[in-house]
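Have a look at it first.

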Amino acid sequence: MAKIVPFKAIRPTRDKAYLVSSMPAYTYKKHILEAKLETNPYTFLHIINPEFRSDDKTQPNSIERFQNVREKYDEFYTEGIFMQDTDECFYIYRQITATNTYIGLITGIAVDDYLNGNIKVHEQTLTQREETFKTYLDVCQFNAEPVLLTYKDNPKVEAIINKYLNTRSEIEFCTSHKIKQDVWLVNDKEDIKELTTAFSEINNIYIADGHHRSASSVLYCQSKRKENSNYNPDEKFNYFLSYLIPESKLNIIEYNRLITSLNEHTPDSFLIEVKKQFDVEEKQYTYTPDRKHNFSMYLAGKWYSITAKKGTYDENDIVGNLDARILTLNVLTPILGITDLKTDNRVSFMEGTKGAEGLQEKVDNEEAVVAFGLYPVSIEQLKAVADANDIMPPKSTWIEPKMRSGLTIYSLED
């Protein structure tokens, strides 16, 4: 079962929501980030970057920096940029892009569901990042970016959500990236009860994006419970902010590879080595993989389709059967000498949303010498890895929707 709870979101007022909400700060190029901070006094980026225009700088990820974040957050609330709902609600969030519509439910979800394995993971987390975000929660006492979770489509949940979609949303705007945003408040007690009951009957929830955020929330919760063994199970720290989206609405996109060195190979000698493990076919056009175990490769101005030969991977190995692992075990490590994708600076990653054209541009501009396009991981593969308590290779998936910060803030304070 999954235990979800409504909460009183702190959120921007209707007239300022489009100005407040932002993508995570790290996604902006430096000059764009500075321009947004310079021209928009309401952007949530001011909370994440509280020392903009200040000569008194603190160290990134320090307690002092987080204290400044909290002060700026309080300032937004005092000035009326933020408000808090008077009733506990669930929040329906819809995002409409040029190609997809994403609809799901923003809730609090129980840390215990993570601890007992009902919330399943497929990605390894870094202890230092967990501790950093746990410190952030200790100091700031709020969470502004939900963990993206997915579950098997549920008709009861869908029926309640659809009822609200026919009404005017509380928040409605379009971003400069041409992405429509809508938020509805679910404050009807009967609807809240039915949604809570429906999720209590769902056995498996999967983290799609936000492994570090969820793990850090668990650390924070455990530390609070350790302080008081007689804690109230309804206290806010027992839950973390989540966006629950059905599997049919989730979009799993490939994460491609760019390589800056052929490890003393020439393009011709490299191609010879690749042919030992792959069936290689040169293409006269920009190529994108069309099936599992098929890859695209752009090398020396030419596109190739390369398909892993039988025997180069274990069909019965859930992780070994993933294309990201196949490419590493048959090309990146034995031919190019890349053994650690997390630390080797010869490999970088590009989300599949930028297409084959994005890969070609990097190679043509000599920012890489070879590029590999992968076929997207399926939801069944993701779930199989998580169900087996296994871990995917780094950067195996680019998952959408990407949430905006500051629309529904979960306060850890009563």
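Let's start with Lys395, which is partly exposed at a relative accessible area of 42%. The cut-offs here: buried means under 20% relative accessible area, exposed over 50%, and partly exposed in between, with a 1.4 Å probe and protein chains only. Before going on, note that this is a predicted model, where local features need pLDDT of at least 70, side-chain atom pairs count only at pLDDT 80 or more, and totals for chains, interfaces and linings use all residues. Residues are numbered from 1 along each chain as its sequence is written, and side-chain values use heavy atoms, with hydrogens and water left out.

Lys395 sits in the loop between helix 13 (379–387) and strand 19. Helices (H or I, at least four residues) and strands (E, at least two) are DSSP runs, numbered from the N terminus. Lys395 isn't a glycine, yet its phi is positive, at about 55 degrees. Arg53 is another non-glycine with a positive phi, in this case about 70 degrees. You'll find Arg53 in the loop between helix 3 (45–48) and helix 4 (63–78).

Lys354 also belongs to a loop, the one between strand 17 (347–351) and helix 12 (355–364). Its C-alpha atom is 9.6 Å from that of Asn256, a residue 98 places away along the chain.

| Residue | Relative accessible area | Class |
|---|---|---|
| Arg53 | 59% | exposed |
| Lys354 | 48% | partly exposed |
| Lys395 | 42% | partly exposed |
| Tyr304 | 8% | buried |

What surrounds Tyr304? This residue of strand 16 (residues 302–308) touches Leu271, Val280, Glu281, Glu282, Lys283, Tyr287, Phe295, Ser296, Met297 and Leu299, leaving aside residues up to four places away in sequence. Contact means heavy atoms within 4.5 Å.

For backbone geometry, check the bond between Glu400 and Pro401: it is a cis peptide bond with omega of about 20 degrees. Pro401 lies in the loop between strand 19 (397–400) and strand 20 (410–411).

Which residues of helix 7 (residues 155–165) are buried? They are Val157, Ile160, Ile161 and Tyr164. Seen down the axis of helix 7, these buried residues fall within an arc of 95 degrees, so they line one face of the helix. That arc is taken from the directions from the helix axis to the C-beta atoms. The cover over them includes strand 4 (90–96), strand 5 (101–110), strand 8 (147–151), strand 10 (180–186) and helix 8 (189–200).

Now for the whole chain. The protein chain has 13 helices and 20 strands, and 52% of its 414 residues count as buried. A compact globule with 414 residues would have a radius of gyration near 22 Å, and the protein chain agrees with that at 23 Å. That radius is taken over C-alpha atoms, and the globule rule is 2.2 Å times the number of residues to the power 0.38. Along its principal axes, the C-alpha trace spans about 65 × 55 × 45 Å.

Among contacts between residues at least 6 apart in sequence, 76% join residues at least 24 apart.
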